[in-house]
Amino acid sequence: MRAFTKALVSATTAVGIAAGGLATSGTAMAAPAPAQQQTASAEVGTLAVVNLGLNTAQAKDWQCWLRAMGYAPGVIDGQLGTKSWKAAQTFWTPLGFYDDSIDGIVGPNTVKALQQYLNSRGRGYGLALTGIAGERTKDAFADYVTHQFSHLC
């Protein structure tokens, strides 16, 4: 009977731990609520393609220009994903605008490099180097691509 009780307690404990109720109930180790899980998934999805104010045609032009300059933006599809941003980061590095790892992530350093690059193009954008992709940065990027690279592909 004692062996049976131990087995039953062990099985119940294992089920409780797996369910997150017995061992982690009310602690920081508990699984996140479904809403939190959905938010995390949405953030990952958002990071996959970041056009920063460019429509699909403009993003294709930017990708075509990067490719024409000898960089590898991946498929020319108007979706600025990791490969496109790695190409841009690689392009900005020797210009002194980007000095972080070439990872394709559109973080503050990538946005700051874009802001510096746009300011250096002589079109009077006057963007603050904040590393935040606000409306002025997005509008300037769209304006620049439209006027410099329209229909390269």
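This is a predicted model: local features need pLDDT of at least 70, side-chain atom pairs count only at pLDDT 80 or more; totals for chains, interfaces and linings use all residues.
α5 covers residues 108-120, which makes 13 residues. From its first C-alpha to its last it reaches 18 Å, close to the 18 Å expected at 1.5 Å a residue.

Which residues of α5 are buried? They're T110, V111, A113, L114, Q115, Y117 and L118. If you look at the spacing, remember that an α-helix has 3.6 residues a turn, so residues three or four places apart point the same way. And what covers those buried residues of α5? The cover includes α3 (56-68), α4 (82-92) and α6 (135-149).

Let's take α4 next. Two packed helices are described by the angle between their axes and the distance between the axes. For α4 and α5, the angle is about 55° and the axes are 10 Å apart. That makes the two helices oblique to each other, and their crossing is left-handed. On the α4 side you'll find W85, Q89, F91 and W92, and they meet T110, A113, L114 and Y117 of α5. By class, that contact has six nonpolar residues, two polar and no charged ones.

From α3, the contact uses W62, Q63, W65 and L66, and from α4 it uses S84, A87, A88, F91 and W92. The residues there divide into seven nonpolar, two polar and no charged.

Leaving out residues up to four places away in sequence, T137 touches L114, Q115, L118, L127 and I132. L114, Q115 and L118 are among the buried residues of α5.

Last stop, and back to phi angles. Most residues other than glycine have a negative phi. L52 isn't glycine, yet its phi is positive, near 45°. Where is L52 found? In the loop between α2 (34-48) and α3. Is L52 buried or exposed? Its relative accessibility is 9%, and buried means under 20%, so L52 counts as buried.

That's my tour, thanks.

Definitions and conventions: Residues are numbered from 1 along each chain as its sequence is written. Side-chain values use heavy atoms; hydrogens and water are left out. Helices (H or I, at least four residues) and strands (E, at least two) are DSSP runs, numbered from the N terminus. The expected span of a helix is 1.5 Å times one less than its number of residues. Buried means under 20% relative accessible area, exposed over 50%, partly exposed in between (1.4 Å probe, protein chains only). Contact means heavy atoms within 4.5 Å. Axes are lines fitted to C-alpha atoms, for helices over the stretch in contact, and angles run from 0 to 180 degrees between N-to-C directions. Angles under 35 degrees count as roughly parallel, over 145 as roughly antiparallel, 65 to 115 as roughly perpendicular and the rest as oblique. A crossing is left-handed if the near helix is turned anticlockwise from the far one by less than a right angle, and right-handed if clockwise. Ala, Val, Leu, Ile, Met, Phe, Trp, Tyr, Cys and Pro count as nonpolar, Asp, Glu, Lys and Arg as charged, and the others, Gly among them, as polar.
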